[in-house]
Amino acid sequence: MFIECHFVRERKERAKMSINRNLLNIIIILCVCLNLGCNEAAQEREKKEIYSHTIEVSSLFPSSSSSCVLSPRATRTKSSLHVTHRHGTCSPLNNGGKATRPDHVEILKLDQSRVNSIHSKLSKKLTTNHVSQSQSTDLPAKDGSTLGSGNYIVTVGVGTPKHDLSLIFDTGSDLTWTQCEPCVRTCYDQKEPIFNPSKSTSYYNVSCSSAACGSLSSATGNAGSCSASNCIYGIQYGDQSFSVGFLAKEKFTLTNSDVFDGVYFGCGENNQGLFTGVAGLLGLGRDKLSFPSQTATAYNKIFSYCLPSSASYTGHLTFGTAGISRSVKFTPISTITDGSSFYGLDIVGITVGGQKLAIPSTVFSTPGALIDSGTVITRLPPKAYAALRSEFKAKMSKYPTASGVSILDTCFDLSGFKTVTIPKVAFSFSGGAVVELGSKGIFYAFKMSQVCLAFAGNSDDSNAAIFGNVQQQTLEVVYDGAGGRVGFAPNGCS
């Protein structure tokens with residue numbers, strides 16, 4: 001009897017131990033599974049943070065504030081000017097918020113005109129035209145540069161005494177020009193008083209036999225001509241805007257310590273077009289008549305800028321090496337057929353949300369690419385844009401779509417969301433430079449219910465890609481003309 005009881009107890013204990021072991025195994029398995037799940041969730045969160053931006057939807061729209069926040073970079077850096085959005089709170093043309101602003105559709109229409117004209121210029125050799133002081137709309141516009149919406153301006157002093165003028169700065173143009181008195185035929189409305197060369201002691205006209213006059217054909221597409229032995233320039237734009245006047249030399253003042261005598265510029269006495277408010281243009285291209293080339297002894301053809309992401313902030317345009325970030329990544333300036341004035345780039349790849357797009361290298365290398373401060377929306381070859389759009393839409397599938405606007409065909413309705421998570425977009429350039437766009441460089445917002453991907457496809461595979469100014473916002477963009485390279489760094493306005 002005793003043996004039997006002992007045997008029964010032993011069986012119960014073994015069963016109990018077996019149950020305990022099974023429970024322990026289950027607990028261990030559960031812990032491992034939970035741990036793996038936690039790790040996977042953590043990894044997913046980390047991946048999301050690395051490859052996407054989560055932002056307030058409201059941040060995509062201009063602030064209602066009437067105050068202007070100045071860029072500390074422009075304030076504290078030598079040879080630096082404040083950059084303002086032409087129609088923004090900080091603009092000297094703002095007129096207390098009463099200035100007329102073009103709507104988004106008009107801006108995009110002008111942008112397409114600029115792009116068409118750049119592509120036209122690159123597709124064939126410019127024909128040389130001669131101009132006279134009396135010419136206006138007779139100037140051929142087919143190969144002209146296009147100002148587009150002329151988004152960003154700086155204030156520069158011209159003449160003696162100094163006359164402050166608001167100029168659009170443009171890396172796609174070479175000749176600097178301003179409106180001048182007397183207006184022989186017509187001048188458009190500008191905010192500041194028109195420059196009067198007769199009141200400047202440092203102004204003088206350039207002879208039509210000078211080398212500078214002979215250089216006008218490469219800088220403007222039109223050969224200079226003579227009026228009483230003085231050189232006459234003419235520059236026309238694809239939207240029928242133009243400026244005609246005397247090629248002259250004058251003192252230019254950037255800051256109190258950055259003053260240049262004898263700078264070649266156009267003193268326009270016959271001007272017409274979409275420049276309203278500004279006094280003229282500061283040409284930052286690569287031609288020998290461009291401002292960087294003329295000031296090369298001081299700055300070695302080096303300048304940098306940051307375009308502000310909001311109209312209520314300023315950015316900077318800085319000449320020389322002062323303040324350039326140590327984190328700048330450079331890519332060589334590439335050669336573009338018939339585009340020696342442009343800053344060419346070699347795009348080698350694009351990633352969306354960490355996913356490298358399957359784009360053959362020839363898609364970019366065949367037409368080439370350039371960076372342009374005056375083009376608003378980045379243009380890509382058709383195959384590259386199709387790949388970008390497809391991947392972006394896939395990663396934005398949780399958000400409802402909206403109808404396209406003008407050149408922008410990939411739009412979303414974010415009216416029901418306080419925040420939005422968008423995939424990061426990065427461009428890879430030759431030389432190993434990888435440039436991640438800021439969150440403001442991905443969308444172009446019309447209204448809460450219509451927020452669009454800020455890229456567009458070219459109409460033809462042979463048209464050059466253009467890296468536009470929406471994508472450049474908040475980046476420090478460095479142009480090293482002497483070194484033959486362009487560089488990028490994040491947080492360029494701070």
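Which side chains meet in a salt bridge at 3.9 Å, N to O? They belong to lysine 251 and aspartate 261. A salt bridge here is a side-chain nitrogen of Lys or Arg within 4 Å of a carboxyl oxygen of Asp or Glu. This is a predicted model, so local features need pLDDT of at least 70 and side-chain atom pairs count only at pLDDT 80 or more, while totals for chains, interfaces and linings use all residues. Residues are numbered from 1 along each chain as its sequence is written, and side-chain values use heavy atoms, with hydrogens and water left out.

Back to our pair: lysine 251 is partly exposed, at 24% relative accessible area, while aspartate 261 counts as exposed at 60%. (Buried is under 20%, exposed over 50%, and partly exposed in between, with a 1.4 Å probe and protein chains only.)

Now look at arginine 379, which forms a salt bridge with aspartate 111, their closest N and O atoms 2.8 Å apart. Arginine 379 sits in strand 21 and aspartate 111 in helix 3, so this pair ties together parts 268 residues apart in sequence. (Helices, H or I of at least four residues, and strands, E of at least two, are DSSP runs numbered from the N terminus.) Both partners, arginine 379 and aspartate 111, are buried.

Aspartate 409 and arginine 389 make another salt bridge, at 2.9 Å from N to O. Aspartate 409 is partly exposed at 41%, and so is arginine 389, at 27%. The structure holds 11 salt bridges.
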